[in-house]
There are 2 protein chains.
Amino acid sequence: MSPPPAYQELCSHLKKIAILQSTSALLEWDQQTKLPEGAGAYRSAQMTYFAGEAHRLRTDKRLGQWINELSTAETANDPHSVVGCTIAHVKKDYDRQVKLPARLVEELASACSQGHQIWVEARRDNDFAKFAPALKTIIKLKQEQADAVGYADCRYDALLDEFEPGAKTAEVAEILEALRQELVPLVESIKASQQKTPVEILHRQFPIEAQKNFVMDASAQIGFDYQRGRLDVTHHPFCTEMGPNDCRITTRYDQNFFSSAFFGTLHEAGHGIYEQGLPSDQYGLPSGQYCSLGIHESQSRLWENLVGRSMSFWQHFFPAAVEHFPGALSDVSLDQFYAAINHVAPSLIRVEADEATYNLHIIIRFQLEQDLIEGRLSVDDLPEAWNAKYQQSLGVVPDTNSDGVLQDVHWSAGLIGYFPTYSLGNLYASQLFSAAGDQLGDLHSQFAEGSFTPLKDWLNANVHQFGKRYSSNALCEKITGNPLSQSHLISHLREKLSPIYNL
Amino acid sequence: MSPPPAYQELCSHLKKIAILQSTSALLEWDQQTKLPEGAGAYRSAQMTYFAGEAHRLRTDKRLGQWINELSTAETANDPHSVVGCTIAHVKKDYDRQVKLPARLVEELASACSQGHQIWVEARRDNDFAKFAPALKTIIKLKQEQADAVGYADCRYDALLDEFEPGAKTAEVAEILEALRQELVPLVESIKASQQKTPVEILHRQFPIEAQKNFVMDASAQIGFDYQRGRLDVTHHPFCTEMGPNDCRITTRYDQNFFSSAFFGTLHEAGHGIYEQGLPSDQYGLPSGQYCSLGIHESQSRLWENLVGRSMSFWQHFFPAAVEHFPGALSDVSLDQFYAAINHVAPSLIRVEADEATYNLHIIIRFQLEQDLIEGRLSVDDLPEAWNAKYQQSLGVVPDTNSDGVLQDVHWSAGLIGYFPTYSLGNLYASQLFSAAGDQLGDLHSQFAEGSFTPLKDWLNANVHQFGKRYSSNALCEKITGNPLSQSHLISHLREKLSPIYNL
């Protein structure tokens with residue numbers, strides 16, 4: 001049966017919101033990639049205006065009326081149908097939005113836009129004190145946001161739910177703790193190993209133009225569609241979409257380090273392949289939007305690590321790498337290269353961390369931001385707390401705040417509750433990849449032949465096409481038959497790293 | 001005395017409109033410079049939405065109430081004051097806007113966005129028939145627009161007024177005819193001259209990176225502020241602003257032709273210097289907006305031709321040109337280079353036409369678009385009419401429609417009534433430049449020393465700061481003491497070209 005007329009009105013309203021949000025995404029992308037230095041203040045005013053307009057539409061009283069009318073409709077009964085998913089998610093979003101005063105939404109948008117600009121300067125100048133007042137304002141506003149939205153157990157729950165719908169702080173803490181308990185001895189055994197990886201070959205000269213050509217080719221081969229996307233340069237790489245056929249990824253090049261741009265771009269391309277795989281005819285509806293940040297991250301990590309750092313991937317790509325970088329790689333064997341890109345060692349910069357230690361970076365941030373939001377830690381004490389945790393978990397301490405507490409964009413943009421989804425993504429990635437292998441046969445023989453389409457099509461069919469029609473937990477159970485577990489990631493790391501490090 | 005409270009409400013409303021329009025400018029700039037190929041349809045939907053929203057605000061009934069209330073206020077009496085100018089222009093715009101149905105505004109925005117994309121393909125494929133249906137739709141909608149707005153003498157008046165407020169078709173036709181009558185014998189005498197300019201030196205190898213560096217330096221030296229603007233590449237160069245400190249210009253590079261990017265960029269930088277000189281605290285108000293397209297074009301033409309093609313400009317810049325392009329210019333003298341960049345000959349492409357024949361290109365388009373709008377010419381007959389007029393006025397006929405009737409972006413974007421403002425710009429430029437010389441002393445000795453700031457400051461003070469507070473005619477009389485005349489342009493061309501061509 002066809003949905004009632006109120007549903008058409010609701011969809012048309014959601015598509016207006018999508019226009020405002022996709023335009024805000026362009027304003028933001030442009031700010032990070034193209035905006036003239038002197039133009040920040042007005043850009044901030046533009047973004048504030050659209051945040052207010054989007055809030056106005058998301059709290060439009062007609063939404064409440066439509067939802068009331070539709071929630072009794074037969075089509076609303078199946079939450080996994082397009083219509084049922086739309087109604088359920090609009091109701092949840094509406095209930096949340098009406099609790100937020102327009103004043104708070106606009107203040108947050110303004111504080112985050114300004115905060116971002118101040119963070120850029122503070123990081124450049126290694127000047128945490130410059131950033132501290134902006135961060136205090138953001139924390140205060142996020143606390144107000146959590147209080148306005150409400151929560152069962154702790155303020156952080158209210159913020160986490162925005163990025164990983166339905167997830168609870170206590171549950172996430174538990175699974176990350178289980179992960180940590182298996183990870184620490186693994187990393188310890190690698191540190192103790194006599195076997196060294198020839199990581200210095202990745203720090204030779206890699207001309208930027210050749211890096212760009214190589215990574216654009218590789219990202220296109222795994223399935224990122226450049227007819228419906230583009231790649232640009234920013235300090236902090238990201239993926240954004242501003243329309244059903246306009247997904248933009250960014251990277252940063254370091255001519256003395258191969259991995260930064262190459263694996264960073266595969267990562268963002270993985271996000272982009274997800275966005276490009278969402279049903280474009282449902283653009284603006286929940287069923288046309290990503291499931292959760294954890295699932296989003298699973299797609300980037302899957303292509304970056306499980307595919308991009310595998311031996312089979314490089315059986316296919318290594319000859320092309322040598323052609324692109326003859327000066328750096330012509331005396332390097334595939335085995336040496338493979339060991340180098342899978343080098344594991346505690347380090348300072350999250351986005352350059354290896355697959356094994358990465359989650360320790362996340363757990364630090366997850367704990368610190370909980371402490372900030374729950375009022376257990378002040379912004380002024382944050383750099384010291386950051387450095388203490390790095391010492392404790394990774395055994396390294398940054399020389400500068402720019403390489404420490406100022407390294408990530410997230411807090412300056414008000415993204416609090418976002419970090420744990422990176423580790424959830426790593427866990428979902430391993431569990432999904434394992435299921436794909438069970439269903440598609442030997443993926444690695446396919447990769448060795450340059451065949452990435454079967455995996456991409458499987459992800460399109462099993463993950464992407466559903467948008468928000470399943471929660472991340474439900475999707476994981478539907479596909480893999482089991483709830484999320486740390487075992488797949490740990491097995492993957494043990495199997496890969498044991499031969500490299502003679503464990 | 002301070003303006004009444006209704007004025008504050010009006011200004012706040014105008015600033016909302018400015019946010020929508022500056023965002024539309026970003027959507028448009030991005031479409032032309034960065035948009036992925038597959039993303040056109042949704043971009044079109046975004047632009048249509050914002051055109052509708054801007055129309056809604058520009059026809060808000062409160063505008064009529066505010067204007068009624070304010071038009072009796074004492075501060076409204078002086079149309080040259082910020083307040084008086086605001087009230088007068090809002091009233092004119094409001095009266096025009098309320099006559100336009102929202103349906104027509106949205107259809108026009110959609111037809112022009114789609115028309116632009118079709119034009120890109122039609123031009124690429126040299127396929128006028130592909131573009132014809134889109135152009136027919138645009139012409140039909142522009143006729144509807146003219147009829148809805150109303151006019152005294154002819155439909156074209158209603159369209160021209162949008163670009164050159166207050167100008168009348170008959171008057172513009174008269175002054176362009178006077179110009180043509182003096183121009184034709186001048187061009188004839190140049191064609192008859194035995195003296196040849198060494199134009200081939202401009203077609204040597206000019207590496208694109210060096211062109212970019214050189215023209216960015218030159219445009220910065222004349223006063224374009226790259227802290228508040230940027231330069232990108234598009235097929236058809238343009239200048240746009242998306243905020244009081246965000247003016248973006250574009251160019252196209254041809255490694256076998258120096259003039260295209262260099263003079264094209266000086267031209268767009270001239271537009272940009274005007275935008276950057278408007279009072280930024282009045283952004284969104286008429287007094288913070290450009291006077292007319294004729295005056296806008298006068299600023300680009302002044303820097304491109306009267307400054308950029310002068311001997312004194314190159315006395316300063318030629319040594320740097322030789323350094324940037326040693327392969328092309330090390331055996332060239334300043335005199336040869338000067339003669340080459342002032343080469344005059346009938347040609348096919350308007351944007352590459354020389355200073356003397358340029359206006360003949362404009363007069364052809366001005367006549368053809370009048371004929372289309374008045375229903376005297378059908379779109380199907382347009383290519384033939386185009387070619388006939390080129391044969392008649394310039395003695396050349398394009399081999400392909402891509403080099404003929406498809407060469408310009410304007411009609412595909414609904415810009416009809418725009419072309420004559422280019423020639424008005426040439427006339428205003430010469431008359432203003434002549435007045436600047438009378439007031440500032442020998443400008444050319446200043447240029448020869450690399451001093452462009454006195455002229456830029458003079459333009460800031462005499463032209464830019466007033467925004468729309470004077471009409472183009474009134475501004476011309478205020479500054480030069482006389483109404484617009486063709487004599488300054490003709491004198492300038494005779495004085496420059498006579499020695500070069502031994503006339």
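How many Å separate the centres of domain 1 of chain A and domain 2 of chain A, taken over C-alpha atoms?

A: In this predicted model, the centres of domain 1 of chain A and domain 2 of chain A are 26 Å apart, taken over C-alpha atoms. Domain 1 of chain A covers 5-153, and domain 2 of chain A covers 169-501. Where the two touch, domain 1 of chain A contributes 36 residues and domain 2 of chain A contributes 35 residues.

On the domain 1 side of chain A, at least two residues each come from helix 1 (5-33), helix 4 (82-98), helix 5 (102-124) and helix 6 (128-149). Helix 1 of chain A gives the largest share of that side, 12 residues. Sorted by class, this side of domain 1 of chain A holds 20 nonpolar, 10 polar and six charged residues.

Now the contact between chains. Here 25 residues of chain B are in contact with 25 residues of chain A. On the chain B side, helix 1 (5-33), helix 2 (40-58) and strand 1 (229-233) each supply at least two residues. The largest share, six residues, is from helix 1 of chain B. By class, the side of chain B that touches chain A has 10 nonpolar, eight polar and seven charged residues.

As for how the copies are arranged, chain B is superposed on chain A by a rotation of 180 degrees with 0.0 Å of shift along its axis, at an RMSD of 0.0 Å. This is the relation of a two-fold axis. The copies meet through the same surface, because 100% of the interface residues of chain B are also interface residues in chain A.

Key. Residues numbered from 1 in each chain as written. Chains lettered and ligands numbered in written order. Predicted model: local features only at pLDDT ≥ 70, side-chain atom pairs only at ≥ 80, totals over all residues. Least-squares fit on C-alpha atoms with pLDDT ≥ 70 in both. Contact = placed C-beta atoms within 7 Å. Domains from an automatic or database assignment. Helix = DSSP H or I, 4+ residues; strand = E, 2+ residues; numbered from the N terminus. Nonpolar A, V, L, I, M, F, W, Y, C, P; charged D, E, K, R; others polar.
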